[in-house]
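Me: I have a model open and want to learn how to read its contacts. Can we go through them one feature at a time?

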Amino acid sequence: MKEVTKNEKDILWMQQALDLARKGEGYVSPNPMVGCVIVSKDGERIGAGYHQKYGESHAEVNAVESIKNKKELKGATVYVTLEPCAHFGKTPPCSTMLAKLPISRVVVAHQDPNAKVNGAGLSEIRNAGIQVDVGVMKEEAERLNEFFIHHQTYGRPFITLKIAQTADGFTAAADGDSKWISCKESRRLVHIWRAKYDAVLVGRATAIADNPSLTVRHVSGRQPKRIVIDGPYELPKELNLFSDKFEEKTIVITWNKKASETDADPMLKLMKQNYFRGGVIQVSKKESHANLKQAFKELGQRGVTSILVEGGQQLSSALLREGLVDKLELFIAPKLLGAGTRSVLNLGINKMRDIAGLKDVKWTKVGDDMLLTGYF
């Protein structure tokens, strides 16, 4: 049997920690997903845990508490997918807890970009005389928490644009019908995504044409916030977004100042609140449309770290033109229309040298469809 080197052992244990961390997907935002594995000085796994829900115990605490015989911690190594927190938030700092344990080593995948941490947790543990190694499976850990890292770095949500089109580039027929271009397996995957993102976004044209619910139905999972861009603030309140049992999760982005004005008549104000109990974010008007950059900045300040956009041609094109899309999920169905609505138009690109290229591209077969995943 091949002898496993120290570095390979680190990778094996960190992979287990990453697998644990992913279990918190969709439930810990705006916190990051974190997993922790504790290995005894004899090389045996003695404890493990992950951050299960926002506001509850962190991964390191759950891992330590899973160990019945605390004497096993002497000389142990702690593997954690993100730098232990060093500040009081919903819970006490994990770095302080680890620094007080009789462990010999802490292995961290990557440093926390949060300004309240950002190396402070590593320093506290090192100052306690414990060896700290950083960078094991760093890329994998950063990809796992791409929403959190992006939000911490830029102050706005990570934006993923989802498009389903025919092989010749259409999202709807000439009469506007778009059901169904993608296969049932692709549609089920979108519901899995909805449960992972903080919010799902559509424009007013899609809201009127499709009257979507934007809920998680075909799988189990958290119901996301629902955001609709309604510049003039004229969408009918009978739409599902404003009238179903999840109406409180709906947020309207508008430039219409009347949307935030307080009614003089308290009874009228009460009637409005009872009619639609969601939220309204008023932004400036930009070229007759809602200012999308301002809207995303405001949403980021409200703790929205990720948005899945399921918009039509106008919204998709606007987001791409303004450079607001971070990731593209493009379903290509083996179907032809020959005419209808193109997926995107007028991106402001007229020369090949200016073409918008994708990075880290991946192709996946989903049912009969092909899914192109790429980053900008």
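Reply: Start with Asp244 and Arg226: both are buried. Buried means under 20% relative accessible area, exposed means over 50%, and partly exposed is in between (1.4 Å probe, protein chains only). This is a predicted model, where local features need pLDDT of at least 70, side-chain atom pairs count only at pLDDT 80 or more, and totals for chains, interfaces and linings use all residues. Residues are numbered from 1 along each chain as its sequence is written, and side-chain values use heavy atoms, with hydrogens and water left out.

Me: What joins the side chains of Asp244 and Arg226?

Reply: A salt bridge, at 2.7 Å from N to O. The term means a side-chain nitrogen of Lys or Arg within 4 Å of a carboxyl oxygen of Asp or Glu. This pair links distant parts of the chain: Asp244 is in the loop between α9 (240–243) and β10, Arg226 is in strand β9, and 18 residues separate them. Helices (H or I, at least four residues) and strands (E, at least two) are DSSP runs, numbered from the N terminus.

Me: Why does Arg226 count as buried?

Reply: Because its relative accessible area is 1%. The side chain of Arg226 also has a polar atom 3.0 Å from the backbone oxygen of Phe246. That is a polar contact: a pair of N or O atoms within 3.5 Å; within protein, one must be able to donate a hydrogen and the other to accept it, and residues adjacent in sequence count only if both atoms are side-chain atoms.

Me: How many salt bridges are there by this rule?

Reply: The count is 16. One of them joins the side chains of Arg156 and Asp326, at 3.2 Å from N to O. Its partners are 170 residues apart, with Arg156 in the loop between α6 (146–154) and β6, and Asp326 in the loop between α12 (313–321) and β15 (327–333). Arg156 and Asp326 are both buried.

Me: Which residues does Thr160 touch?

Reply: Contact means heavy atoms within 4.5 Å. Not counting residues up to four places away in sequence, Thr160 touches Tyr197, Ile307, Leu308, Val309, Lys327 and Glu329. With Tyr197 there is a polar contact between side chains, at 2.7 Å. Thr160 sits in strand β6 (residues 158–166). Thr160 is buried because its relative accessible area is 0%.

Me: How do I read aromatic pairs?

Reply: A pair of rings is described by the distance of the centres and the angle of the planes. Rings of Phe, Tyr and Trp (its six-membered ring) pair if their centres lie within 6.5 Å; planes under 30 degrees apart count as stacked, over 60 as edge-to-face and the rest as tilted. Here the count is 4 aromatic pairs. Among them is Phe158 with Tyr375: edge-to-face, 6.5 Å between centres and 65 degrees between planes. Both residues, Phe158 and Tyr375, are buried. Phe147, Phe158, Tyr197 and Tyr375 form one aromatic cluster.

Me: Which charged end sits over the ring of Tyr375?

Reply: That of Arg143, 4.0 Å from the ring centre. The rule asks for NZ of Lys or CZ of Arg within 6 Å of the ring centre and within 35 degrees of the ring normal. Lys237 likewise has its charged end over the ring of Tyr233, 4.6 Å from the centre.
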